[in-house]
Amino acid sequence: GALHFDPAQSAGIDLGGGLGHLCLAASDQGGLDPRLLDEVVVRFRMGGESLRPHAARPRKRLKQLCQEAGIVPWMRERLPLFFVGSRLAAVGDLWIDVELAVAPGKPALRPVWSGRPELF
């Protein structure tokens, strides 16, 4: 199921199942554009998700990103995904879609995943 996430509430959410805690923290080091985050939903992978982590590269499927990063197969289904509407905005604290991000030096919200299990 999806967990509704209120970016204005800094406490974040407990992911349960030994997966740790997820929040969005104010940052000037780059991150998600706060103006786009009225309604954020956190859910787990269903398959077919993609995002664009680098401006100079095309969108990639989440499956491919996980394989390239060496994330162990049993954790790939347990990565918390931030959605804004139907768009995948971020994968835990690993990747942010450049189309929903702001550059360092501007107000941003950065995903912080504390107590996260071993992924690699």
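Q: In this predicted model, which residue forms a salt bridge with Glu77?
A: Side chains of opposite charge can pair when their charged atoms come close. In the predicted model, the closest N and O atoms of the pair that includes Glu77 are 3.4 Å apart, and a salt bridge requires a distance within 4 Å. The partner of Glu77 is Arg45.

Q: How many residues apart in sequence are the parts that Glu77 and Arg45 tie together?
A: Glu77 lies in the loop between helix H2 (73–76) and strand S8 (81–84). Arg45 lies in the loop between strand S5 (40–43) and strand S6 (50–51). The pair therefore ties together parts of the chain whose separation in sequence is 32 residues.

Q: Is Arg45 buried or exposed?
A: Its salt-bridge partner Glu77 is partly exposed, with a relative accessible area of 45%. For Arg45 the relative accessible area is 16%, and the cut-off for burial is under 20%. Arg45 is therefore buried.

Q: Which strand runs antiparallel to S5 and is joined to it by four bridges?
A: Within this pairing, Arg43 has Leu81 as its bridge partner. Leu81 belongs to the strand in question, as do Phe82, Phe83 and Val84. The strand joined to S5 is S8.

Q: Which residues point the other way from Leu81 and Phe83 in S8?
A: In a regular strand the side chains alternate between the two faces of the sheet. In S8, Leu81 and Phe83 point one way, and the remaining two named residues, which are buried as well, point the other way. These are Phe82 and Val84.

Q: What is the phi of Gly85 in the turn of the hairpin?
A: S8 pairs with strand S9 (residues 87–91) in the antiparallel sense over four bridges, and Val84 has Arg87 as its bridge partner. The two strands form a hairpin with two residues between them. Gly85 lies in that turn, and its phi is positive, at about 65 degrees.

Q: Which residue of the salt bridge between Arg35 and Asp33 counts as buried?
A: The closest N and O atoms of this pair are 2.7 Å apart. Arg35 is exposed, with a relative accessible area of 66%. At 7% relative accessibility, the buried residue is Asp33.

Notes
Residues numbered from 1 in each chain as written. Predicted model: local features only at pLDDT ≥ 70, side-chain atom pairs only at ≥ 80, totals over all residues. Heavy atoms only, no water. Salt bridge = Lys/Arg side-chain N within 4 Å of Asp/Glu carboxyl O. Buried < 20%, exposed > 50% of the residue type's maximum accessible area, 1.4 Å probe, protein only. Pairing = 2+ DSSP bridges.
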